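Hi,

Here is the model we talked about, with the sequence alongside. Have a look at it first, and then read on for what turned up.

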Amino acid sequence: MDYECDCSDSSGQSNAILFNILSRGEPAQNEPNYDRVPHTCNCEKRRRVCLKTPGETCQEASGVLVKTMHFMRSLPAFQQLPPRDQLSLLQNCWAPLFILGLAQDRFRFEIDDSPAPSMLQRILLNDQDAAISGREQPTLAGVQTLMSCLETFCSLDLSPKEYAYLKGTVIFNPDVPGLKAAVFVEGLQYEAQHALKEVLVPLYPQDRGRFAHVLLTASTLKSITPALITELFFRPVIGQVDFLDLLVDMLFSR
């Protein structure tokens with residue numbers, strides 16, 4: 001999700017002076033070091049956004065996540081896999097599976113611009129900023145891609161059975177590196193695809209291309225990163241906790 005930034009920050013010089021004045025251990029007579037000032041990109045594509053109503057939206061998203069994890073746990077074939085394979089598949093599929101859950105529930109949410117911290121806040125919260133800077137922050141472009149994907153799935157008007165089989169094709173991905181039971185997983189994916197096709201053909205006899213269209217649409221789920229989902233819907237709730245650890249607890253706790 002890298003875009004070339006064409007914008008410029010006209011306040012950079014004044015912020016740089018403030019930064020150097022407040023930075024400890026630097027003589028006042030030293031020339032300002034403008035390279036040290038974080039550059040806030042204001043161009044449209046990389047504009048940082050957040051949920052407009054995080055309390056309500058995060059709670060609803062958490063409900064979708066619980067149902068998503070319950071769906072995985074309820075699959076006997078998934079439970080038969082080696083634990084390491086289960087973990088690998090979880091890491092690979094949780095985000096697209098969650099997005100399918102959002103689409104199935106016709107999930108709606110609104111976004112707003114993320115409030116930009118002042119230069120003084122950046123200095124005083126330097127350690128926290130360092131941790132945040134290492135994570136992918138939700139951008140307008142990323143969220144628009146997610147919304148477009150949800151709209152496409154809603155337009156397909158899939159039945160609960162279609163969603164169930166489609167989720168099976170997403171979970172059982174034999175291309176995930178390091179699987180011990182890759183052949184078994186490949187067979188499960190084939191069965192899920194075959195079951196999906198068996199449902200689609202009688203329902204849409206005149207639309208022979210619907211099966212391929214559904215699978216093609218599902219392939220676009222990979223364009224939405226797990227980091228975007230985590231930071232947008234769950235970071236306001238979990239703080240600095242590792243989200244994958246929470247998923248593992250949800251999936252393997254008895």
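A word on terms before anything else: a contact here means heavy atoms within 4.5 Å. With that in hand, take the contacts in the protein between residues at least 6 apart in sequence: 83% of them join residues at least 24 apart.

Some housekeeping. This is a predicted model, so local features need a pLDDT of at least 70 and side-chain atom pairs count only at pLDDT 80 or more, while totals for chains, interfaces and linings use all residues. Residues are numbered from 1 along each chain as its sequence is written, and side-chain values use heavy atoms, with hydrogens and water left out.

On confidence: pLDDT is the predictor's confidence in each residue, from 0 to 100. The protein averages 84, and 75% of the residues score at least 70. Residues 8–12 come out below 50, and beyond near neighbours in sequence that stretch has three contacts in the model. Residues 26–40 are also below 50, with 18 contacts beyond near neighbours in sequence.

Now the overall layout. There are twelve helices and two strands; these are DSSP runs (H or I for helices, at least four residues; E for strands, at least two), numbered from the N terminus. Starting from the N terminus, the order is α-β-α-α-α-β-α-α-α-α-α-α-α-α. Of the 254 residues, 39% are buried, where buried means under 20% relative accessible area, exposed means over 50% and partly exposed is in between (1.4 Å probe, protein chains only). The protein exposes about 14,700 Å², and carbon and sulfur atoms supply 53% of that; the areas come from the Shrake-Rupley method with a 1.4 Å probe, and for residues only the protein chains shown count as cover.

A salt bridge here is a side-chain nitrogen of Lys or Arg within 4 Å of a carboxyl oxygen of Asp or Glu. Lys167 sits in helix H8 (residues 160–171), and its side chain makes a polar contact with the side chain of Gln104 at 2.9 Å. By polar contact I mean a pair of N or O atoms within 3.5 Å; within protein, one must be able to donate a hydrogen and the other to accept it, and residues adjacent in sequence count only if both atoms are side-chain atoms. Leaving out neighbours within four places in sequence, Lys167 also has Phe71, Leu97, Leu100 and Gly101 among its contacts.

How many salt bridges are there in the whole structure? The search finds five, and here are some of them:

- Arg47 pairs with Asp113, the closest N and O atoms being 2.7 Å apart. Arg47 is in the loop between helix H1 (12–22) and strand S1 (49–51) and Asp113 is in strand S2 (residues 111–113), so the pair ties together parts 66 residues apart in sequence. Arg47 is partly exposed at 26% relative accessible area, and Asp113 is partly exposed at 39%.
- Arg210 pairs with Glu162 (3.9 Å, N to O). Arg210 and Glu162 are buried.
- Glu231 pairs with Arg235 (3.1 Å, N to O). The two are four residues apart in helix H11 (residues 226–238), about one helical turn, and both are buried.

Leu196 is buried at 1% relative accessible area. Not counting residues up to four places away in sequence, Leu196 touches Glu162, Tyr165, Leu166, Phe211, Val214 and Leu215.

Most residues other than glycine have a negative phi. Arg106, however, has a positive phi of about 50°; Arg106 is in the loop between helix H4 (83–104) and S2 and is partly exposed at 40%. Asp157 also has a positive phi, about 55°, in the loop between helix H7 (140–156) and H8, and is partly exposed at 48%.

Cheers
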